[in-house]
Amino acid sequence: VTVAFESLVGQRVTPLSGLPKATGQATFATDVFLPGMLHATLVRSPSAHARIAELNVQPALDVPGVVTVLTYRDVPRVRFGNYVFQSPAGDPPVKRVQDIFILDDTAFFVGDELAVVLAVDRATAEDAAERISITYEPLAAVFDTPSALRPDAPLLHPDGNIIHPPERLSAIYERGSGSDPTYRFARGDVETGFAAADVVIERTYRVPFVNAASMEPRGCVAHWDGQTLTIWDSTQAPFKIRGALAKICGLPKEQIRVVSQYVGGGFGNKGIVHRYQVLAALLTMKTGRPVRLAYSRRDEFLGGLQRYQGQFTIKAGVTRQGQLTAISIVNLANWGNNARGQVQPVFFGMTSATLLYRKCPNVRYEAYATYSNLPASGAYRGFGDPESQFGMESMLDELAEAIGMDPVELKLKHCVESGDELLPQYPGKFISSVGIRECVERGAQRIGWASRHQLSQTGGPIKRGIGFAMSMHTAGHLTPATARVELLSDGHVLLATPLPDIGSEQPSAMRQLAADVLRSSLDDFVMRWADTDQTSEDFGIHASRGTFMIGRCVVQAAQKLAAQLRGLAAEFLGVPPDDLVVADGHVSASVEAGGRALSFRELAALAEGSGQRLEAEGSAEETTSVWGFAAHFAEVEVDTDTGEVRVVRLVAAADVGRAINPTVVEGQIEGAAIQGIGYALSEELIRDSVVPGTTLNANLLGYELPTLRDVPMVEPIIVESIEPLHPYGAKGCGEIGLVGVAPSIANAIYAATGVRFRQLPITPARVLDALAEAAPIGGTS
Amino acid sequence: VQSFEMLNPRTVEEAVGFLASYGPDARVYAGGQDLLYRFKRRLATNPMYLVNIKDIAGLRGLEPRDGALAIGPLTTLGELERSALVRDVLPMLHAAVAEIASPQIRNLGTVGGNLLQDVWCWYLLEDYDCWLNGGSYCYAATGEHQNYHSVMGGKHCIAAHPSDLAPALVALDATLRLASPSGVRTIPAESLWPGFTWAGDKLRNHTAASDELLVEVVVPLPSANVRSIFLKQRLRNSWDFALASLAMAIEMEDRRCVAARVVLGGVGTAPVRATAVEAALVGAELTDEVVARAAQQAIVGARPLRLSHYKLKIMEGLCRKALARLREEGDVCSENDSATETASMSRS
């Protein structure tokens, strides 16, 4: 039986959250106001590394309106980290690095949380916080990776300054200890490769600490009513928060509910347990009153997570014919004060060398991620790939120039193809969809790559150039994953998905998939999402996994429900299920089979009458072979008088498998491009050199996010490679759009000026200093 | 927000009375764009009393008067920016205002607040015990001075003067009227900003006394043969302070520059008159050679620090760019003039 139906997948439907957000009806975590609610504020360390010698909180407690103050003396001495949930299969708990206490007697960075003040309102809490007196016993501190690696460096962690990753992944890498690198991988033999090369280049590329600057700072409202601990949280991983709180508060998971329906930006950065959620939970359980703990922007800069500072020394060899013979990368990664089990962005430092340029036979990667007395690093859109691919894409540009080859040609020649095994990281895993060639071809055509050398130059101070970079990033994995559908008594279909809407309209795409499977209208659905009471355990909205992993679960659940509906209708209509079709809110028999139909509402009543529940759950298994690709082409104007770089065009072609809602996909590509422009040209956390470790621009005035005046109209191109492992061919698209932006700009600046920039951000100071260095003595601009 | 006491005078006399009696413990409150952020940061230097002048009549608005434009200090930057009059008769002032901060801040921030704002040194905002915060050390001098600090030296504090309006007003030779309990004095705008000076035990970046209130800004309207330009270079193109800015007004006669006022912003603790540039221009035609030589004079007297040598190149670059544009504008104007002449002749 076939019914004419225009698929909803691929349609530019109005996203689910658009109207609630535009009208202010969407409730974000700290929009929740409950009667009798108390307000908490965090007290942060002014010292980069110090032990509390004396502590007096009495003056704060004496402030009228203050309810309580917690310091390390008042909380259990429990270490907690990132992944503390148990997998649904009942496997033993995942063991991860857990290296932060609920509250500590030692501050590990300027801004480290040392106490929390709870009062009737925020101003009172802040007034009181100023009255807490702490005397510090200073400890030796470390601020960069080379210093942390010195044998005489102060030890910041009992296991040493080099972070060694969790045991769970030990099957796929050599786990080190002591002075071993954090990660070490090899394919082939690089020394043999260098010997076979005609040109060998070694360069060091540097990327700065940056902050995701989500529009909504972190925060939560926690309420313990004696039965249930409910926490409305600005998190990407509600189940992870539930797991951690269950452990720390000593409650069964079933007594904790975490809700994070709307999150004002996440970027991977809001996916772990922080102190604030734990403290809010402890405070509401202690007082029995609702507690609101909302980060200020300053809190977000100091108590959030940063993108790590990396120094990539890359050595690569190529033959005159354009065969890459070897790539060796040594990455010194400055991670900050604690890892909380999430040092894996450093693992991704080799994605490009080992996976994207799969055809390079000899690759070595060695990374030293170290602790320092700075705020912690963590996931941030691209999860390590923007950091490393800046260096790799610059290096390949340098190599291509050295042998007089078009970088597009050199790169495509070595690029991964569908069916390749993902070695050395993922033995036994084969990549199933690769749309990079189409990204490059369409992007090149749009920007006019072939005629890039004919770009008109004015002869004045403005120099113009076009640059190219391609990129690769994971586009869907990590279990557990889940979704649930249920036919409600009024005939609506409830779709419950586990992931928050962090701006990517994830639930909206899921509704499109379910509607397509059930051949229903979008209005037939009642949506519930990111509420731990509504679905089974899920990993969270991370790693561009939602569309792929949850999408598979939604389709599976909807298909199961359709089968149930057909089965029930078959019973009552006396028609075999195969002669029935689900469409337009009805289950209908074909004309040959009698043409009768039952509406969803009628079916719901029939099910109720016969004591059946029309409900289904979908789940998905982990795969690591789903990857997204992009090609970025930037055209820049460099003002050699002022050092200003203007990105005048940015063509961003991304392989997203299949676009479920092209409007939303374009939004992801454009937003990522703008973040990439910030990474390339202006963003950097400025740390003081006089009182080392102090962040001098922990505010949106001093932290130079690009404004609308700083970005061009991004030109997104959607490439659909159709991923075979997804029922609709879709992959994730949230992160890939950022990875290649900075190197495309850096390569464009080189094309414009002949000067290579190997350190981000490429500020006027760096541009002018480098141009002066490159210019002949007495030459102008 | 830290607590403070708000005083609400209805007249200038009442306001300066409050300022006189509370002295350095009080500050004028108008648009709040400078003060409120500092209150939210709970800085040690914050005043205990705010003298709210928003309810005083007669301090807001624009008035053409005797070949000049009088601007009330309560006029918002947005009002100034949107004034067709300002755009027509003082295009350089319009250009400068339009580059201040962000549209939101311009809608609330006032002319007086922009001229008398505190510095935005990130050490001060982090409450370091620097010269401005009761200490006797400038952290920026040895630390992170790459963007927002002086390259022209400074006394104790080296934070750059943050106003975009100030260099424009100095280039336009504006005058300021300041009221105090003892009356009103009129001073050239330039003299309000000599750099940092001590007022009692406090270091200040302007010379208005603690009992003085700015009551009027008077900008003379330039003659028809004056060409002017404002350029601002920053790390991003909205909501940012100048790495360097340039306000330039030159008077031309028969292709020759007969007078010039060139002022640099963002590079000194006060707006800096680039007198060497002015000298190189006066009496000269704007040939390529003169433009290049004059631009090189922009850095005369500069004392850049470890991380800020690049700002000198921007100063020179802005100067070169400004002169090139003014020359182009002149060419266009003279072409237009001759075209107009031809047209009117043919009509008659």
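This is a predicted model: local features need pLDDT of at least 70, side-chain atom pairs count only at pLDDT 80 or more; totals for chains, interfaces and linings use all residues.

**Cavities.** I began with the term itself: on a 1 Å grid over the protein atoms alone, a cavity is a set of points where a 1.4 Å probe fits but cannot get out. How many cavities of 30 Å³ or more does the structure hold? I noted 7 of them. For the largest cavity I wrote down a volume of about 200 Å³. I then looked at the lining of this largest cavity, which is made by 19 residues; closest to its centre are A:Glu644, A:Val645, A:Leu681, A:Asp710 and B:Leu235. Two elements of chain A, β31 (645–655) and α17 (662–681), each give two or more residues to that lining.

**An open sheet in chain A.** Next I traced 5 strands of chain A that form an open sheet, in the order β9-β19-β18-β17-β10, with mixed pairing. Which strands stand at the edges? They are β9 (183–187) and β10 (199–207) of chain A; each has a single partner strand, so one side of each is left without a neighbour in the sheet.

**Strand β18(A) and its partners.** I stayed with β18 (residues 324–336) of chain A, which pairs with β19 (residues 363–371) of chain A in the parallel sense over 9 bridges. In that pairing I found A:Val330 opposite A:Glu366 in β19(A). With β17(A), strand β18(A) pairs in the antiparallel sense over 10 bridges, and A:Gly310 has A:Ala333 in β18(A) as its bridge partner. β17(A) and β18(A) form a hairpin with 5 residues between them, and I marked A:Gly322 in the turn for its positive phi of about 90 degrees. Is β18(A) largely enclosed or left open? I counted it as largely enclosed by the rest of the structure, because 12 of its 13 residues are buried.

**A:Gln506.** I looked this residue up in helix α14 (residues 506–517) of chain A. Buried or exposed? A:Gln506 counts as buried, because its relative accessibility is 4% and the cut-off for buried is under 20%. A polar atom of its side chain lies 3.2 Å from the backbone oxygen of A:Gly546. Leaving out residues up to four places away in sequence, I found that A:Gln506 touches A:Leu499, A:Pro500, A:Asp501, A:Ile541, A:Gly546, A:Thr547 and A:Ile550.

**A:Gly243.** My last stop was helix α6 (residues 238–249) of chain A, where A:Gly243 has its place. A:Gly243 counts as buried at 8% relative accessibility. Its C-alpha atom is separated by 9.6 Å from that of A:Val273, 30 residues apart along the chain.

Note on methods: Residues are numbered from 1 along each chain as its sequence is written. Chains are lettered from A and ligands numbered from 1 in the order in which they are written. Side-chain values use heavy atoms; hydrogens and water are left out. Two strands pair if DSSP finds at least two bridges between them. Helices (H or I, at least four residues) and strands (E, at least two) are DSSP runs, numbered from the N terminus. On a 1 Å grid over the protein atoms alone, a cavity is a set of points where a 1.4 Å probe fits but cannot get out, and a pocket is an open set with protein on both sides within 12 Å along at least five of seven lines; lining residues have an atom within 4 Å of a point. Grid points are joined across faces, edges and corners, and a volume is the space filled by probe spheres set on the points. Buried means under 20% relative accessible area, exposed over 50%, partly exposed in between (1.4 Å probe, protein chains only). A polar contact is a pair of N or O atoms within 3.5 Å; within protein, one must be able to donate a hydrogen and the other to accept it, and residues adjacent in sequence count only if both atoms are side-chain atoms. Contact means heavy atoms within 4.5 Å.
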